[in-house]
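Colleague: Please walk me through this one. Keep it brisk.

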Amino acid sequence: MSAGSGSRAIIAALAANAGIAVAKFIGYLVTGSSSMLAESVHSVADTSNQGLLLLGKKRAEREATAEHPFGFGRDRYFYSFVVALLLFSLGAVFSLYEGVHKIADPHPVESPLVAIGILAVAIVLESYSFRTAIHESRPLKGNRSWWRFIRESTQPELPVVLLEDFGALVGLALALVGVGLAMITGNGVWDGLGTVGIGLLLGAIAVVLIIEMKSLLIGEGAGPTTLRTITQALEGGRVERVVHIKTQYLGPDELLIGAKIAMPPGLRLEDVAQAIDDAEQRIRAAVPEARIIYLEPDLDRSQHIS
């Protein structure tokens with residue numbers, strides 16, 4: 001993914017969420033709806049999250065230093081993990097608290113038509129943001145399902161934006177139902193139930209993101225398809241076979257590869273060095289994100305085991 005494509009989705013989400021947050025807070029002040037308050041806090045959290053994602057992308061571009069010789073690519077994973085924590089704490093926990101409070105002490109929703117109008121506008125804006133995220137994700141998604149893309153992607157920003165926008169749209173629908181039922185029945189409990197639904201939804205999305213971002217943050221290796229491609233690229237020329245191989249993503253676009261490769265006995269040092277250089281070139285041609293490669297030559301001792 002180019003830096004531009006990921007940033008476009010983030011900026012679209014940031015602009016939409018900032019506008020929605022202002023509108024929702026106005027709606028809450030007018031109506032007193034707990035669903036509107038929960039959605040307002042949700043949008044504020046989402047806006048902050050987009051800012052954190054942009055900050056993570058910027059900090060990841062720093063040059064490597066002696067203290068961090070492999071660079072700062074994992075900053076993008078760290079800030080995405082922080083985003084997931086904020087979504088859980090500011091979004092889910094607050095919504096659940098506000099919903100339970102409203103159910104325990106229900107009040108009628110004032111000016112519900114104002115709330116419904118604001119929620120309808122918010123749905124339009126969130127739909128635009130969601131559409132942008134889908135458009136930017138399709139080239140990376142390929143033939144995978146959306147769930148597999150979210151689970152397997154090493155690019156943290158687009159899965160985060162996709163899940164946030166999806167959760168926002170479903171949350172808006174829940175808020176709309178809660179306010180609508182509260183208006184029809186005159187019972188504010190429905191508004192509280194809608195708020196609890198928003199909290200549970202945000203909690204589920206946050207847990208998924210926390211699990212996925214934690215896995216990337218502590219270090220994930222290449223997937224089976226990529227690993228197979230690397231192995232096939234290695235085995236050629238004077239490389240007889242791959243004895244063992246380990247990989248790890250140092251960032252979304254930077255893969256570290258370490259492998260022990262079996263080579264025929266009797267090779268001159270110059271031939272070994274050339275074989276390693278050739279193998280590295282084959283890997284980089286097959287897997288462009290393979291930036292750091294360490295290859296250790298060895299004899300294929302399995303051939304000598306009787």
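Modeller: One term first: contact means heavy atoms within 4.5 Å. Then the ground rules. This is a predicted model, so local features need pLDDT of at least 70 and side-chain atom pairs count only at pLDDT 80 or more, while totals for chains, interfaces and linings use all residues. Residues are numbered from 1 along each chain as its sequence is written, and side-chain values use heavy atoms, with hydrogens and water left out.

Colleague: Fine. Lysine 102, then. What does it touch?

Modeller: Skip residues up to four places away in sequence, and lysine 102 touches Gly32, Ser33, Ser34, His107, Gly188, Asp191 and Gly192. Lysine 102 is in helix α3, residues 75–104. Helices here are DSSP runs of H or I with at least four residues, strands are E runs of at least two, and both are numbered from the N terminus.

Colleague: Is lysine 102 buried or exposed?

Modeller: Buried, at 6% relative accessible area. The cut-offs: buried is under 20%, exposed is over 50%, and partly exposed is in between, with a 1.4 Å probe and protein chains only.

Colleague: Asp191 was on that list. Where does aspartate 191 sit?

Modeller: In helix α7. Aspartate 191 has 0% relative accessibility, so it counts as buried.

Colleague: Which residues are in contact with aspartate 191?

Modeller: Ser33, Ser34, Ser35, Lys102, Val109, Gly178, Val179 and Ala182. That leaves aside neighbours within four places in sequence.

Colleague: Switching to helix packing. At what angle do α2 and α7 pack?

Modeller: About 25°, with the axes 7 Å apart. α2 is residues 34–60 and α7 is residues 189–218. The axes are lines fitted to C-alpha atoms, for helices over the stretch in contact, and angles run from 0 to 180 degrees between N-to-C directions.

Colleague: What do you call that arrangement?

Modeller: Roughly parallel. Under 35 degrees counts as roughly parallel, over 145 as roughly antiparallel, 65 to 115 as roughly perpendicular, and the rest as oblique.

Colleague: Which residues make the contact?

Modeller: On α2: Ser34, Ser35, Ala38, Glu39 and His42. On α7: Asp191, Gly192, Gly194, Thr195, Ile198 and Leu202. By class, that contact has three nonpolar, six polar and two charged residues. Nonpolar covers Ala, Val, Leu, Ile, Met, Phe, Trp, Tyr, Cys and Pro; charged covers Asp, Glu, Lys and Arg; the others, Gly among them, are polar.

Colleague: And α2 with α6? How do their axes lie?

Modeller: They come within 10 Å and cross at roughly 170°. α6 is residues 157–185. That makes α2 roughly antiparallel to α6.

Colleague: Who takes part there?

Modeller: From α2: Ser35, Glu39, His42, Asp46, Asn49, Gln50, Leu53 and Lys57. From α6, the contact includes Glu157, Val160, Val161, Glu164 and Gly167.

Colleague: Zoom out. How many helices and strands are there?

Modeller: Nine helices and three strands. Along the sequence the pattern is α-α-α-α-α-α-α-α-β-β-α-β.

Colleague: What are the overall dimensions?

Modeller: The C-alpha trace spans about 90 × 40 × 35 Å along its principal axes.

Colleague: How much of the chain is buried?

Modeller: 48% of the 306 residues. The chain exposes about 14,500 Å², with carbon and sulfur atoms supplying 63% of it. Accessible areas are Shrake-Rupley values with a 1.4 Å probe; for residues, only the protein chains shown count as cover.

Colleague: Now sequence against space. How far apart are alanine 21 and alanine 122?

Modeller: 101 residues in sequence, 8.8 Å in space, C-alpha to C-alpha. Alanine 21 is in helix α1, residues 3–31, and is buried at 7%.

Colleague: And alanine 173 to glutamine 274?

Modeller: Also 101 residues apart in sequence, but 62 Å apart in space, C-alpha to C-alpha. Alanine 173 lies in α6 and counts as partly exposed, at 35% relative accessibility.

Colleague: Last one, threonine 132. What does it touch?

Modeller: Arg8, Ala9 and Ala12, not counting residues up to four places away in sequence. Threonine 132 lies in helix α4, residues 112–141. It is buried, at 12% relative accessible area.
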